[in-house]
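Look at the structure below.

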Number of protein chains: 2
Amino acid sequence: MNAIDNLVTLLAKLPGLGKKSAGRMAYHILEHDASFAASLAAALAGLHSAIKHCSLCGAWTETDPCPICSDERRDGGILCVVERSQDVRVIEEAREFSGRFHVLGGLISPLDGINPGDLSIGKLLYRVKNEGIREVILALNPTVEGDTTALYLSKQLSESGITVSRLASGLPVGGDLEYTDRLTLARSFRGRVSM
Amino acid sequence: MNAIDNLVTLLAKLPGLGKKSAGRMAYHILEHDASFAASLAAALAGLHSAIKHCSLCGAWTETDPCPICSDERRDGGILCVVERSQDVRVIEEAREFSGRFHVLGGLISPLDGINPGDLSIGKLLYRVKNEGIREVILALNPTVEGDTTALYLSKQLSESGITVSRLASGLPVGGDLEYTDRLTLARSFRGRVSM
């Protein structure tokens, strides 16, 4: 296999990339100067050694504890529970939440063999008990697995007496009623907000 | 900038990738074992030193002349003229053409400041004259630039007395009349084939 084919094969393994897009990228890289390819190569080669899990929240980080867990200005009494580390980034970009995070590492999905024991739930309960948490916001995807996990967690947390909430589900901002699916529309009715 | 952000920024410079897809890829790479990241890094780092232009056809290659130019079983009398090196790959995958290639390195586009002198046209005329070429197939995109370049080349080649043809333009296989644009439909009428 030649150098281009090899690169195309590797790139095509990335999510959302088919063979065509991978080919376009490989030629793009080839047509630009070698320094870009070199920087990308260095970024990839150093990635796994630079990044580890935060020992507190479980998110990917370069420093342990991560910048969010070690930021004293953030509200340590509110915990936002997310499925994956990248959800932390998405929520941080929205600049709406100023508490701390807890990464579950997945969602309960018996069909895929993922049970509560496989997730960072014990640690969540421990944190809630020992860190003086007042509120837990479940920021899980509005899918079957997300719903199941949210239900399970709210039951587990009910004994602690803290507030447990979940992100609202409904019409996306800028969306169109006409193109909204039935389930989302139903949820937006159930979750309607008084004006 | 941390290691993930750095990788995301670099990936987002690739064609067809926005910040979101680049982020998804970076996390995908992070979640898989480091060996994949290492292979991708190595493929990128070695790319520019492994690949050069074929001194005959101008396509990217690891060996000079490229495997196609040096393949004695291919018909050296038919030359397929393409815009870019990656077009050679696309045509090779269709397994329809068994002649040799010539890469122009672009299309005539006065608005972008690309004139005939910037393309590998002199070399094409030299090859046609000295390699005993019988036919030139212009495999250029059916765009304004492709049409302009095809017209220019057919005029330049008219003196040589060889056959100059261009790829048929028309309905894509599996396409639908209803969803075909007016220009494509017009071309498919002009280029209709007797049955």
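Two strands pair if DSSP finds at least two bridges between them. Helices (H or I, at least four residues) and strands (E, at least two) are DSSP runs, numbered from the N terminus. This is a predicted model, in which local features need pLDDT of at least 70, side-chain atom pairs count only at pLDDT 80 or more, and totals for chains, interfaces and linings use all residues. Residues are numbered from 1 along each chain as its sequence is written, chains are lettered from A and ligands numbered from 1 in the order in which they are written, and side-chain values use heavy atoms, with hydrogens and water left out.

Start in chain A with strand β5 (residues 135-138), which is joined to strand β6 (residues 163-166) by 4 bridges, the two strands running parallel. Within this pair, Ser165(A) of β6(A) is opposite Ile137(A). Between the two strands the chain passes through helix α6 (residues 144-158) of chain A, and this β-α-β crossover from β5(A) to β6(A) is right-handed; that is, with the strands pointing away from the viewer, the path from the first strand over the helix to the second runs clockwise. Strand β5(A) also pairs in the parallel sense with strand β3 (residues 75-82) of chain A, over 4 bridges. Here Val136(A) in β5(A) is the bridge partner of Leu79(A).

In chain B, follow the whole sheet: 4 strands in the order β4-β3-β5-β6, open and with parallel pairing. Its edge strands, each pairing on one side only, are β4 (99-103) and β6 (163-166) of chain B. From one strand to the next the twist averages 25 degrees (axes are lines fitted to C-alpha atoms, for helices over the stretch in contact, and angles run from 0 to 180 degrees between N-to-C directions). Strand β3 (residues 75-82) of chain B is linked to β4(B) by 5 bridges, in the parallel sense, and Leu79(B) faces Arg100(B) of β4(B) across this pairing. Helix α6 (residues 144-158) of chain B lies across β3, β5 (135-138) and β6 of chain B, at about 170 degrees to β6(B).

Chain A is assigned domain 1 (3-50) and domain 2 (60-166), with bounds from an automatic or database domain assignment. The C-alpha centres of these two domains of chain A are 34 Å apart.

How is chain A superposed on chain B, and by what rotation? The rotation is 180 degrees with 0.1 Å of shift along its axis, at an RMSD of 0.1 Å (least squares on the C-alpha atoms of residues with pLDDT of at least 70 in both copies). That is the relation of a two-fold axis. The same surface serves both copies, as 100% of the contact residues of chain A recur in chain B (contact means heavy atoms within 4.5 Å).
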